[in-house]
Amino acid sequence: MKPLILRGFFTLLLLQILEASSGWSVAGWRQSHLRVNKHSSRQDIVTYDEYSLLIHGERVMIFSGEWHPYRLPVADLYLDVFQKIRSMGFTAVSFYVFWGLLEPKRGEISFEGIRDLQPFFDAAKEADIYLIARPGPYINAETTAGGFPGWGTTVPGLWRTSNQTYVDAYSGYIKAIGKVLADNEITKGGPIILVQSENEYTSFEEPYTEDFEYEKILMQQLIDAGITVPIIHNDASPSGHYTSVDIWGYDSYPVKFDCSHPTHWDPSSIQEYLWDSHMKHAPKVPNAIYEYQGGSYDGWGGSGYDTCLELTGAEFTRIFTRSEVGMSATILNLYMIFGGTNWGNLGHPGVYTSYDYGAAIGEDRTLREKYYELKLLANFLAVSPAYYTTRPQNPDSLVGAFTGNAALKVAQALDVVGNKTSFYVIRHSDISSTATDTYKLTLPTSFGNLTIPSIGDSLKLQGRDSKVHVVDYEAGSTSLLYSTGEIATWATVEGKDVIVLYGNSGEVHETAFKLKSNTAGPKVVSGDGTIKAKLLHQGAVVLQYTTTGQTVVQFGSAILYIVDRTGAFQFWALSKHDSKTPVIVKGGHLMRTGILNDDASQLTISGDFNSTAILEIIAPASVSKVVLNGADLSVTKTSYGTLTATKEVNLPRAELPNLTGLNWKTADTKPAMGVVLYAGDYGYHTGNILWRAYFSSSGSAMGFQIWINGGSAFAYSIWLDSTFIGSWEGDATHAGYDAVWPFPSKLSTGSKHILTILQDHMGYEEDWTAASEEFKSTRGPVTYSFPGSDETKIDTWKVTGNLGGESYVDKARGPLNEGGLYGERQGWHLPGFDDVSWAAGKPTDGVSAPGVAFYRTNFNLDIPSGVDYPLSIAVTNSTINPHYRAQFYVNGYQFGKYVNHIGPQRVFHVPQGIFNYQGQNTLAVSLWAAKPGGAKLDSLQLQFNAQIESPITVQNTPAPAWSARPGAY
Ligand code: GAL
């Protein structure tokens, strides 16, 4: 039969027009195949079987993103991040808890200040996000000591084993955090649905092996603390460790972490064996990937997060993340979805201040293309319940499958419960390929084997791309025999199945609909796309279309939006887990919420806009009033019943102060180091450390040899009495450095001297390999001697770090924020410190000799409400006297550690709420010049990263002002 062409408003009535049925139907993703469920006897709200998780008896796709509350110390921004994730179609968030931050002193657990987790739980709940809690005790996470507390470095016995000293060390924490998590479980009305025990308990220092006793003890402790939801574990690879948990799963980072070659993908880097490994180790639970690559960390001297974003960007998402659909992953957590910041010394030495991670949501909470790309996939799976009971059909024979083209791989995941719907994931056999391959699919359908496209032509896979084609897919009461155009989302709105189909711009696709006796023919109601239609003899209509721009087709009880990829990015499916009233909004930078009132007469929506936007709202006909971000929106009805509106956006101007034009005060911290009263060689786990060595000269010492450890990119400077004798300025690779520092002249016999050493502590190493004790890596001098004089001995060593050590002073900002610089111990970084007696001086003038100077200034910000204008402190590379490091403190929070000659970070994002957007701010800078000649900041300025109209409201994080610091020296 020759295809018929539909153009413009030309209507082809194939069959009789269907009466539009009234009333709401349930959003697709809530329709579930209920089967016998396994659940722990501890509760029956979160259950599971071999296919998926069920919550309150309904199958749910756990498409989850990882982010860490401790990396965003502004409680009021939690909701913003959760809403952004929810609007992607994600259902969950996974998060670590950082033990070391909560129990910085053994036995003293604190949830004070930025450590309070309740606002995080409350915001998740408000945003309709489930939580996967990962309390460790070991977390890795590029966090200092992998999350262990600093005091752990001096506790003997093997950590991450059943060694009693270790079990004793963490038990108090697990009890405390276990209770907090238990109180916020879904069983008690909270958002937590899963709790992870340990982290990647996969690699063991020889001769040690997996410690089953430790696994058992830890799990029991979680249960004793009140955890009733399933306990999970993430094997680093699917190798079968810690399988005794309820739902075992694994991690996968297919392109690893080398951002310096951002276009390089190993041709076979998709780990196609993951399904077989899953079946080998845990066939009775869902295929759970607790960490799937969502970006990459970057280290000192690295290539920067732009390159990580390129490595793991939109193309990566299309291909790699989609590949998991072919493997029936129904618990899929992306590490990270929002990275945040390693503010206040919380990172391990392998990372710098930004933990942007090249994630879908930037460190400054802005949205990347990858965000929209993930949104397409997650929204699709959220409305595809048939996916939740699939099984891969050809995991070991992908090449050429269903196309006969060896350049292509196609994986079929079949709903083996409904026994009808299939998902076909196509990609290049060599996933690094940028070629264009054409193909036809031969697929089994309920109408027998079909060769697709049915209306001539062929399909195309262009460059680094992948697609999910469906067969026998239900969208409400509409049955899709197949669709090569991908489904962005669908919802049944007032009896009409609104289906959004997309492809890359200019691609040819087909969607075939099974006809019911009374199906009305397809009619183009908007747009100028050309649609070809063909009737299959079994009773289906195939539509062939080109995905360019937007064409709206009415077809029986369905409304089809046929759009290109960027058009599809603009659709927002707004519904809550418990809502029966889906609303779809097209347009806007980000749509957050859409709520209908009880009689569906008013729709209240909220969202973000970076420019004037045309909105199209798909809602029940009864809606007569639309309120957007608190203001009435004037809407017009389209011929096919949707509402359109123009949302005017006028971004208000906001001035930023010129930082270098402000009045700055400065004080030199070096001579003021004074007498070190605080002796002791432990208790300092963060920031700068100061050492003093007292000795009497034997008369022949030529210099001082010392090997100091501080972690990658660390530095040290040494003074003999008040004379500078040298610095190791640091590089990206040395975690320790050994050198001889000559004395300026020979010391006279019997003369008394003091060596003063300032060093950087870049955080403790992680402890990824259990029982390796790597996190106990020392920070400080390892060996020392006086070349030329074996007899010269150090009489006394003294050390100091942050004021109070483990009994740190600043309970609001937590134990890691301040280090041992004299200025930090005195609280010079805090707002309200009286610097009236200080001299005038700017960090851009700097110092002319090696040493540490502190700078302070105050300024007001007046950034209007109703916008989200993320701010950063930016510096430029100094090429003259490059060897220095600076720390930036905003209202007392250390939000930047800048190492000029190592980099790569030169823009330091500081969130609203740390910056006071409507009032006074204190900016302090410490500047440590490592070499003769001193150093200065080349430039220093504030800049906006983005300007967006947004309904977010942000209370400042409390920033307690300076008060007298008893015992500060
Ligand atoms: C995983 C680990 C995470 C994180 C990630 C890399 O191995 O579980 O905590 O470190 O690697 O970013």
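**Disulfide, ligand site and sheets**

The link between C259 and C308 is right-handed, with 100° about the S-S bond. The pair joins distant parts of the chain, 49 residues apart: C259 lies in the loop between β10 (247–252) and α6 (274–281), and C308 in helix α7 (residues 305–311). Helices (H or I, at least four residues) and strands (E, at least two) are DSSP runs, numbered from the N terminus. The model is predicted: local features need pLDDT of at least 70 and side-chain atom pairs pLDDT 80 or more, while totals for chains, interfaces and linings use all residues. Residues are numbered from 1 along each chain as its sequence is written, and side-chain values use heavy atoms, with hydrogens and water left out.

The sulfur atoms of C259 and C308 are 2.2 Å apart, and the two residues form a disulfide (a pair of cysteine sulfur atoms within 2.5 Å). By this rule the count comes to one disulfide. C259 is buried, with a relative accessible area of 2%; C308 is also buried, at 0%. Here buried means under 20% relative accessible area, exposed over 50%, and partly exposed in between (1.4 Å probe, protein chains only).

Around the ligand there are 16 residues, of which Y96, N140, E142, E200 and Y357 come nearest; a residue is near a molecule or strand if one of its heavy atoms lies within 4 Å of it. Polar contacts are pairs of N or O atoms within 3.5 Å; within protein, one must be able to donate a hydrogen and the other to accept it, and residues adjacent in sequence count only if both atoms are side-chain atoms. A polar side-chain atom of Y96 is placed 2.8 Å from a ligand oxygen atom. For N199, the distance from a polar side-chain atom to an oxygen atom of the ligand is 2.9 Å. The side chain of E291 has an N or O atom 2.8 Å from an oxygen atom of the ligand. Of the 310 Å² of accessible area that the ligand has on its own, the protein covers 94%. Accessible areas come from the Shrake-Rupley method with a 1.4 Å probe; for residues, only the protein chains shown count as cover.

Most residues other than glycine have a negative phi, and most peptide bonds are trans. The loop between β8 (192–196) and α5 (212–224) contains P207, and the peptide bond from E206 to P207 is cis, with omega near 5°. E198 is found in the loop between β8 and α5 and has a positive phi of about 60° although it is not a glycine. E198 is buried, with a relative accessible area of 1%.

A cis peptide bond also joins Y335 and M336, with omega about -5°. M336 belongs to the loop between β12 (329–335) and α9 (369–382). Phi of E494, a residue other than glycine, is positive and near 50°. E494 is located in the loop between β22 (486–493) and β23 (496–503) and is partly exposed, with a relative accessible area of 26%.

S466 is part of strand β20 (residues 466–475). With 0% relative accessibility, S466 is buried. A polar atom of the S466 side chain lies 2.8 Å from the backbone oxygen of I426.

Strands of a sheet pair through backbone hydrogen bonds, either parallel or antiparallel. Two strands are taken to pair if DSSP finds at least two bridges between them. An open sheet of six strands has the order β48-β39-β49-β55-β52-β53, with antiparallel pairing. Its edge strands are β48 (839–840) and β53 (893–899), each of which pairs on one side only. Within this sheet, strand β49 (residues 851–862) and strand β55 (residues 918–929) pair in the antiparallel sense over 12 bridges. N860 has Q920 in β55 as its bridge partner.

Another open sheet consists of three strands in the order β54-β51-β56, and its pairing is antiparallel. β54 (907–910) and β56 (941–944) stand at the edges with a single partner strand each, so one side of each is left without a neighbour in the sheet. From one strand to the next, the twist averages 35°; axes are lines fitted to C-alpha atoms, for helices over the stretch in contact, and angles run from 0 to 180 degrees between N-to-C directions. Strand β51 (residues 871–874) pairs with β54 in the antiparallel sense over four bridges. The bridge partner of S872 in β54 is H909.
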